[in-house]
Amino acid sequence: MAFLKKIKLVLIVGFAASLSLLWGCSEEEHFRIEGKLWEPTMKIVELTYLDNGSFKRISTHSDESGKWTMDGVSAQPTLAFLTVSGSEPLATLVVQNGDHLTVELEGPDGSKGVKVKGNRTSELIAQFDAESREALAKGNGGDMNKRVADFIVNNPKEMASAVLLILRFDSRGNEVLADSLMGLISPKAKPTGVMQNFAATIANQVSAESRENIQAMSLYDRRDTTVRYNPARQSYTLIAFIDTNRKMRDSIVPKLRNLREKWPENRLMEIEVSLARDSAAWKQSVSGDSAKWVQAWAPGTVSSSNFRKLSVRRAPFFIVADSAGHQLYRGSSIRMAEKELSDRLTVSIPDTLKRTQE
């Protein structure tokens, strides 16, 4: 884990200087983002970004035509995440004072893509995400890593290459490749300064705290009951963090069902945690399920007392833990989580059968 942390920090600190070199300092005192939703409706539009070591969140309402405008302040270029009515981030931008960007969401909740104009880096990120929607929805780490690698090879002089390497590439188990890819990116598209602030945030994802043992907790289940979870009551636990996106759920829920059918509850506990903004959206997203595993939700979801220390920042996200609560896998790939469970559960079957026969 220490090696992974070093890789992440090198990637981010290296990325900082390029931002300073390519963008420079603007005399203007704010940046502006104008946008249009997929339909003429009034919704809350929020932008979250890091400035001087602290998170800032600005919000506005779209008008009846679906249009909106917001101004923010960041003397240095920074990564910004755009959401609508508390959804998952629909657009990833790089902004700085003096910028004037336009963002247009296509399809319900941006499901058909996001068009961005105003600076080349943000435009390239939006184009990449639009072309990678299926891999993003499925949480296919292998496919996404290949897409990022191909982009970097073809665009070594673009700042977007560094952004995608940091945000879209899963370096767990691929540290050497991540380091090699960073080496391909032009020095002018990387090194030092602004992203040191962001480095502290990313480092939190691989921090010792985020990988502490899973503790016993009480969970609010979709059947309006309280489930008391203790990792010691079963051999392994799979915690799946999923949002309300139907395509994402359709790709993951069948795998959860297969695991439930294959392994008894004393061997494997499955907990599906919804990242829905409110309980109504959560109940609606699971209303048609016949799940035989725990489907939970908590006010504040990943920011709640149960899950805050796990530092979950994206969906889907999976954690595999053993009976002592040790985290054996953390990542966005359901296939990797399945493999971790299969390898461990299958290996332990002979001893279990042997004891039963005796």
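**Entry 1: R246 and D250.** I looked up R246 and D250 in this predicted model and found their side chains joined in a salt bridge, at 3.6 Å from N to O. Both residues belong to helix α8, which covers residues 246–262. They are four residues apart, about one turn of the helix. I then checked accessibility.

**Entry 2: R249 and E272.** I stayed in helix α8 for R249, which lies there, while its partner E272 lies in strand β12 (residues 268–274), so this pair ties together parts that are 23 residues apart in sequence. The contact is a salt bridge whose closest N and O atoms are 2.4 Å apart. Are these two residues buried or exposed? I found R249 buried, and E272 is buried as well.

**Entry 3: K146 and D150.** I moved to helix α4, residues 141–154, which holds both K146 and D150. Their spacing is four residues, about one turn of the helix. The side chains meet in a salt bridge with an N to O distance of 3.0 Å. D150 comes out at 35% relative accessibility, so I listed it as partly exposed. K146 reaches 53% and is therefore listed as exposed, because the cut-off for that class is over 50%.

**Entry 4: the count.** How many salt bridges does a search of the whole structure find? I noted twelve. I have written up some of them above, including D150 with K146 and R249 with E272. As background, I noted that side chains of opposite charge can pair when their charged atoms come close.

**Entry 5: strand β1.** I turned to β1, residues 31–36, and sorted its residues by face. F31, I33 and G35 make up the covered face. On the uncovered face I listed R32, E34 and K36.

**Entry 6: neighbours of β1.** Which strand pairs with β1 in the antiparallel sense? I found β4 (residues 67–72), with six bridges between the two. Within β4, I recorded D71 as the bridge partner of R32, a residue of the uncovered face of β1. I also looked at β7, residues 100–105, which runs parallel to β1 and is joined to it by five bridges. There, T102 of β7 stands opposite E34, and E34 is likewise listed on the uncovered face.

Definitions and conventions. Residues numbered from 1 in each chain as written. Predicted model: local features only at pLDDT ≥ 70, side-chain atom pairs only at ≥ 80, totals over all residues. Heavy atoms only, no water. Buried < 20%, exposed > 50% of the residue type's maximum accessible area, 1.4 Å probe, protein only. Pairing = 2+ DSSP bridges. Salt bridge = Lys/Arg side-chain N within 4 Å of Asp/Glu carboxyl O.
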